[in-house]
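Subject: A structure for you to look at

Hello,

Here is the structure I promised to pass on to you. Please open it beside this email and find each residue as you read.

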Amino acid sequence: MTSEAVRDLMLYGMLMVSAAGFYAMFYALGRMWEKPSVVAFSYVFALLQAVGALGMILPPYLDPFWRYLIGFSSLVYLFVPQGMWWVVTTFHEKEHAH
């Protein structure tokens with residue numbers, strides 16, 4: 001693998017991970033503040049996360065195992081902020097009901 005390939009993989013990986021974090025943050029803030037526009041803005045970062053994943057899995061640098069793992073994890077993470085919001089709010093509703 002060339003140094004350029006390693007650089008590209010690192011940059012796309014950084015994009016994927018940081019965009020996923022911003023996606024979760026803005027999603028949670030939008031739900032917490034009850035601002036649908038902020039929730040909608042969070043999906044820009046979900047898209048950037050997918051771009052980062054595609055940048056790592058489309059070139060032939062990685063073995064198929066890693067490409068499938070990155071693709072699968074990126075796809076699954078698109079639903080993590082919503083799932084975690086549901087878990088946290090459900091937990092706290094039950095906590096306050098007692």
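Below is what was found in it, topic by topic.

First, some ground rules. This is a predicted model, in which local features need pLDDT of at least 70 and side-chain atom pairs count only at pLDDT 80 or more, while totals for chains, interfaces and linings use all residues. Residues are numbered from 1 along each chain as its sequence is written, and side-chain values use heavy atoms, with hydrogens and water left out.

**Confidence**

The predictor's confidence in each residue is called pLDDT and runs from 0 to 100. The chain has a mean pLDDT of 94, and 98% of its residues reach 70 or more. Among the elements of the chain, H2 has the highest mean (98) and H4 the lowest (87). Where pLDDT is low, predicted coordinates should not be read in detail. The element names come from DSSP runs, numbered from the N terminus: helices are H or I runs of at least four residues, and strands are E runs of at least two.

**The core**

Which residues form the largest nonpolar core? They are Leu 9, Met 16, Ala 53, Met 56, Ile 57, Leu 62 and Ile 70. Such a core is a set of buried Ala, Val, Leu, Ile, Met, Phe, Trp, Tyr and Cys residues joined through side-chain atoms within 4.5 Å. Here "buried" means under 20% relative accessible area, "exposed" over 50%, and "partly exposed" in between (1.4 Å probe, protein chains only). Helix H1 (3-33) and helix H2 (36-57) each give two or more residues to this core, and H2 gives the most, with 3.

Leaving aside neighbours within four places in sequence, Met 56 is in contact (heavy atoms within 4.5 Å) with Leu 9, Tyr 12, Gly 13, Met 16, Leu 62 and Ile 70.

Gln 49 is found in helix H2 and counts as buried because its relative accessibility is 1%. Outside four places in sequence, its contacts are Met 16, Ala 19, Ala 20, Tyr 23, Ser 74, Tyr 77 and Leu 78. Ser 74 lies in helix H3 and is buried too, at 6% relative accessibility. With residues up to four places away not counted, Ser 74 touches Met 16, Gln 49, Ala 50 and Ala 53.

**The surface**

Is Phe 72 buried or exposed? Phe 72 sits in helix H3 (residues 64-77) and counts as exposed because its relative accessibility is 56%. Phe 72 belongs to a nonpolar surface patch of about 660 Å², together with Val 76, Val 80, Met 84, Trp 86, Val 87 and Val 88. Patches are made of residues with over 30% relative accessible area and no salt bridge; like charges are joined within 9 Å, and nonpolar side chains (Val, Leu, Ile, Met, Phe, Trp, Tyr) within 5 Å. Accessible areas come from the Shrake-Rupley method with a 1.4 Å probe; for residues, only the protein chains shown count as cover. H4 gives the most to the nonpolar patch, with 5 residues.

**A salt bridge and a loop**

How many salt bridges are found in the whole structure? The search finds 1, between the side chains of Asp 8 and Arg 7 (3.0 Å, N to O). The term means a side-chain nitrogen of Lys or Arg within 4 Å of a carboxyl oxygen of Asp or Glu.

Finally, Glu 34 lies in the loop between H1 and H2. Its phi is near 55°, a positive value in a residue other than glycine.

Happy exploring!
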